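My entries follow the order in which I checked them.

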Amino acid sequence: MENKEFYTLSQDETLSELASGSEGLESREVEVRQKNFGKNTITLEHERSFLSLFLLQFKNYLAWLLIFVAGFAFFAGFYLKQNEQVIDGVIISIIILANALIGAFQDFKAERAASLLKSMLKTEALVLRDGKKQKVDAVELVPGDIIFLEEGDKVPADCRLLEAKELRIDESMLTGESKHVLKNAEVIKEKVPLAERKNLLFMNTYVSNGSASAVVIETGKNTEVGKIAKSLEIEETSPFVEEVDAASKKITLVALALIIAVLGIYFLKDHHWVAILMIGSALIIGSIPEGLPAIVTFSLSIASLKLAKSNVLVKRKSLLETLGGVDVICTDKTGTLTENRMVVKRLFFDMKDDSSLDVLSEKTLDGFVHSALLANEVKDTDKGFQGNPEDVALVTFLKEKADILELRKSCETKHFEPFSSEKKYVSSENLVDNKTVLYVKGAPEIILGRCESILVDGHVKKLDDSQRDEISKKLKEFSDASLRNIAFSYKIVSEGDKENSEVFLGFVGIYDKPKDGVVQTVEIIYSAGIEIKMITGDNVHTATAIAKECGFRNVQAVSWDDVKDLSDEELKGVVEKCNVFARMSPEFKLKIVSALQMNGRRVAITGDGVNDVPALKQAEVGIAMGLRGTDIAKEAADLILLDDNLSSLEAALKEGRTIFSNIRKVINYLLTANLAEVFVVFLGSMFGVMPFLAIQLLWVNFVTDIAPALSLGADASHKNIMSKKPTGKQEKLINKKIALLTVFIGIKKVILMFSMFYIVYKVTDDLVLAQTMSFTWLVMSHFVRIAAIRFDEGRSLFYNKYVNWSIAIPIVFQLVILYTPLADFFQVVPLSLVHWGIIVATVILAVGLAKIITYFIDRSLPASERDY
C-alpha cells in the first residue's frame with residue numbers, strides 16, 4: 001500500500017485497490033489483515049526491563065560516589081594495610097547493591113502504573129464490518145476498513161474520504177498550521193504536497209466540524225505520523241518535582257559548605273586522611289536528600305493508579321499537586337451534575353400546555369413530528385439510536401407516532417445543517433409531499449426570532465405580541481421547573497423565495513434529573529473551601545432551577561447577553577459574584593477561566609466538546625468526560641472522569657491534597673534527620689572527636705531514609721483533609737512551618753545527640769562506647785521524628801503499618817549489629833541496660849521537646865499555615 005497515491009484515485013478505485021466494498025470488510029478478512037499488517041499503533045519506546053532499570057540507578061552521581069568510597073575502602077584495606085577498611089568496603093558494596101535494587105523496584109512499579117494508565121486511554125472507531133456499524137478499539141483497524149467520523153473525533157488511521165459534510169480537520173499536530181482544513185472527497189489528479197491532499201485524513205488529527213465516512217488506507221507505522229516517528233505526548237516536567245529538586249539542591253549547598261568546614265577542621269587536628277575522606281564521603285551521601293525527587297515521582301505514580309480505580313484517569317502525574325490547590329470548579333450541567341438521561345415532560349403547542357400528544361391538532365402534530373425527527377442528528381447503530389441526548393429523547397417520545405428511519409426514507413433530505421453552539425439550532429430541508437419544507441429545531445429565543453407566524457389548531461396565524469408574551473411566560477414556567485426547552489418551526493420553501501419567515505410550532509420541556517449523590521458532592525466541595533460554578537447552554541431560569549436542585553449556595557445567575565460586552569475588568573468582578581453562567585458558548589468558557597485566573601484563582605473546568613479545548617488547556621486542571629467526551633477534549637484535558645460523575649472528582653481533589661500533605665511530611669522527616677547528622681559531626685570536629693564512623697553513617701542513611709520516607713508518602717488521607725482550605729497558587733512545599741521545624745527540631749536533635757555522646761565519652765573515656773551510643777541513638781531518633789509528626793497531625797502513632805515496619809526493622813537490625821559478630825564490622829560494642837536507659841530517656845525527652853517546639857511554632861503561625 002505504501003507506494004499508492006490514494007488521493008489521485010476515485011472512491012471506487014480506492015475501495016477496489018484495497019479489496020473493500022460498500023458493506024465494509026468481513027470479519028474473517030479483518031483477522032487475516034490484522035496478521036499481515038499488525039496492530040494499528042505506533043510503538044515509540046519499548047518497556048524497560050528490570051535489569052535496564054537496575055543499571056539506570058548508576059546514572060547518578062551519588063551512586064558513583066558510593067562506588068568511589070567502596071573502591072577507596074578496598075584500596076586502603078589492601079594497599080595501605082588498614083584491614084578495617086576492607087570490612088567497610090564490603091558493607092558499602094552491599095549498600096550499593098541494595099540501593100540499586102530498591103531504586104529499580106521503585107521505578108519498575110511506577111512504570112507499570114504508568115503503562116496501565118496509558119492502556120486505559122483507548123480511542124474507539126465506528127466501523128462498518130459485515131454490513132453493520134460497530135464500535136471497535138482503534139488499534140484493531142486494518143486497511144480497507146470503512147469508518148465514520150463526526151465532530152470531536154480523533155482520526156484513528158490514515159484514510160481516503162468517501163463522503164464529507166462540511167468537514168474541517170485540525171491538522172496542527174502534523175503540519176503546524178493552526179487553521180482548520182476544509183476537506184472534501186473529490187479526486188486530485190496532479191501530485192500535491194501532504195498539506196494539500198484535501199481528500200485524505202491523517203492519523204491523530206481531529207475532526208473540528210462536520211462528519212464523514214472514509215476508508216482506511218494505512219495503519220500503525222505506515223501512517224504519516226508513524227513515518228515521522230515522533231511522540232505526540234510530551235510528558236511535562238512537574239513544577240511539584242522541580243520545586244522538590246530545587247529544594248534538594250539548596251540543602252545540598254548548605255550541607256556541602258558544612259562538610260568542607262568539618263573536613264578542614266579534622267585535617268588541621270591531624271586526623272588520618274583516610275578517615276577524613278571516608279567520613280566526608282559518608283556525610284555527603286547521608287545529608288543530601290538525593291532520593292527526594294524520586295520519592296515524589298513514585299508517590300505521584302502510585303496515587304495516579306489509585307485514582308484510576310476510582311474512575312479518575314490522571315494524564316499528568318504533576319496534576320495531583322495542582323489539584324490540592326484548586327479553589328474554583330467550573331462544571332457543565334448535562335451529564336456531569338445531571339444524569340444525561342432526558343425525558344420529554346411537558347408540551348406547549350397550539351398555545352396549550354399539556355404533557356400528552358393526544359391534545360394536539362393533526363397539522364400541529366404532523367409538523368412537530370417532522371421537525372423533531374428530521375431536524376435530528378441521532379444515528380442508528382448496532383447499539384440502538386445514539387447521539388445528542390435531547391434528540392434521543394424526542395425519538396423515544398415520538399416512537400408511537402412515527403418511525404424516524406421510515407420518515408427519513410420517505411422525506412428526502414435536500415440539505416442538512418447540524419447543530420452548532422454558535423447558531424443554537426439544527427435545520428433540515430426535506431421533500432415532503434412534493435414540497436420542499438425547512439424544519440428547524442433549537443433554542444426557543446432563536447426559533448421565536450426567526451418566526452412571524454404561528455400554527456394554532458391547524459391554522460397559520462400572525463404571531464402577535466400577546467402570544468409572544470404568553471410563550472415567554474410559559475418558557476419561564478417550564479424553566480423554573482428545571483426543564484430544558486426546545487422549540488420547533490417550519491416553512492415551505494418556494495422556488496426563488498427563501499427569505500420568507502418561519503411558522504412557530506411550539507416547544508417541549510425536557511427533564512434531566514440531578515445524579516444521585518450530586519447534592520452531597522457539591523456540599524463536600526463547599527466544605528473543602530472550593531467554590532463551584534455552573535457553565536451551561538441552558539437558559540438562565542432552567543440553569544438556576546437545576547443549580548438549586550444540585551445544592552448550589554446563594555445562586556446568582558448571569559446570561560451570555562449580560563456579559564458579552566463586558567471589559568476584562570468588569571468580567572473579573574462578575575465571575576467572582578456569580579455562580580451560574582447560562583446560555584454560554586463554549587468559547588466564553590475560556591473568558592470565564594481567564595478572568596478567574598486574573599483574580600488569582602486556581603481553576604478546574606469540565607468540558608467534552610471541540611470548542612471546550614481552549615478552556616481545558618487554559619485552566620490549571622482541564623477535566624474531560626470519559627463517556628461522552630470527544631477524543632480531542634480528552635487529549636487536551638489533564639484528567640478524565642471515566643464515569644462522567646462529579647463525585648469522582650471529589651476523590652481526585654482528596655488525593656491531590658493528600659499527596660501535597662504527605663510530601664511535606666517526607667521533606668520534614670528527611671531534612672530534620674539528615675542535616676542534624678552534619679551538625680553533630682561538625683561539633684565533634686570542633687572538639688577533636690568523631691561522633692560516628694563513616695560506615696555507621698552510611699548504614700543509618702540506608703536503613704532509615706528511603707523506606708520510612710516512602711511509607712510516609714503513602715499515608716492515607718487525614719479525616720479532616722477535605723475540611724481544610726485549598727493551598728493557594730503561591731503556596732510552597734517548604735513553607736514557614738517546615739522551615740521552622742527543620743531549624744528548631746534539628747537544633748534540639750543536635751544538642752541531645754552530641755551532649756549524650758560527649759558526656760559518655762568524657763565520663764568513660766571510651767570513644768567506641770560513645771560512638772556506639774550515638775550510632776544507636778541516631779537510629780532511634782528517626783522514630784522520634786515520626787512520633788512528632790503523628791502528634792502534630794493528631795493521629796495514632798502506629799496507624800500506618802508500612803511506617804511501623806520501616807522504623808521497627810532498623811531497630812531490630814541495630815540489635816543484631818550490637819549483639820552479634822557484626823559488631824566488629826561496624827566497630828561497636830554491646831550496650832548494657834544502663835546504656836539503654838540513657839538512650840531511651842533521651843529519646844523520650846526528644847519526643848517531649850519536639851511536641852513543645854511544634855506547639856510554639858504553631859502558636860506563632862496563622863491557623864491556615866499550621867497544617868502539613
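Is Lys352 buried, partly exposed or exposed? I looked it up in the model, which is predicted. Lys352 is partly exposed, at 40% relative accessibility.

**Entry 1: the partner of Lys352.** I found Lys352 in a salt bridge with Asp457, at 3.6 Å from N to O. Asp457 sits in the loop between strand E17 (451-456) and strand E18 (459-462), and Lys352 belongs to strand E11 (residues 352-354), so this pair ties together parts 105 residues apart in sequence. Asp457 is partly exposed, with a relative accessible area of 41%.

**Entry 2: the count.** I wanted the total for the structure. How many salt bridges are there? The count comes to 35 salt bridges. As a reminder to myself, side chains of opposite charge can pair when their charged atoms come close.

**Entry 3: a pair in a helix.** I went on to Glu569 and Lys572. Their side chains form a salt bridge, with 3.3 Å from N to O. Both residues lie in helix H20 (residues 568-577), and because they are three residues apart, about one helical turn separates them. I noted the accessibility of each partner. Glu569 is exposed, with a relative accessible area of 57%. Lys572 is buried, at 18%, because buried means under 20% relative accessible area.

**Entry 4: a network.** Which residues are linked with Glu531 in a network of salt bridges? I listed Asp327, Lys533, Glu576 and Arg601 along with Glu531. I looked at one pair in detail. Glu531 bridges to Lys533, and their closest N and O atoms are 3.3 Å apart. Glu531 is partly exposed, with a relative accessible area of 29%. Lys533 is buried, at 1% relative accessibility.

**Entry 5: a negative patch.** I turned to surface charge. Asp464, Asp465, Asp469 and Glu470 form a negative surface patch. Asp465 is placed in helix H16 (residues 465-480).

**Entry 6: cysteines.** How many disulfides does the structure hold? I found zero disulfides. Cys330 counts as buried, at 1% relative accessibility. Cys411 is buried as well, at 4% relative accessibility.

Methods
Residues numbered from 1 in each chain as written. Predicted model: local features only at pLDDT ≥ 70, side-chain atom pairs only at ≥ 80, totals over all residues. Heavy atoms only, no water. Patch = residues over 30% accessible without salt bridge, like charges linked within 9 Å, V, L, I, M, F, W, Y side chains within 5 Å. Areas by Shrake-Rupley, 256 points an atom, 1.4 Å probe, with all protein chains shown as cover. Salt bridge = Lys/Arg side-chain N within 4 Å of Asp/Glu carboxyl O. Lys, Arg positive; Asp, Glu negative; His and termini not counted. Charge placed at Lys NZ, Arg CZ, Asp CG, Glu CD. Helix = DSSP H or I, 4+ residues; strand = E, 2+ residues; numbered from the N terminus. Disulfide = S-S within 2.5 Å. Buried < 20%, exposed > 50% of the residue type's maximum accessible area, 1.4 Å probe, protein only.
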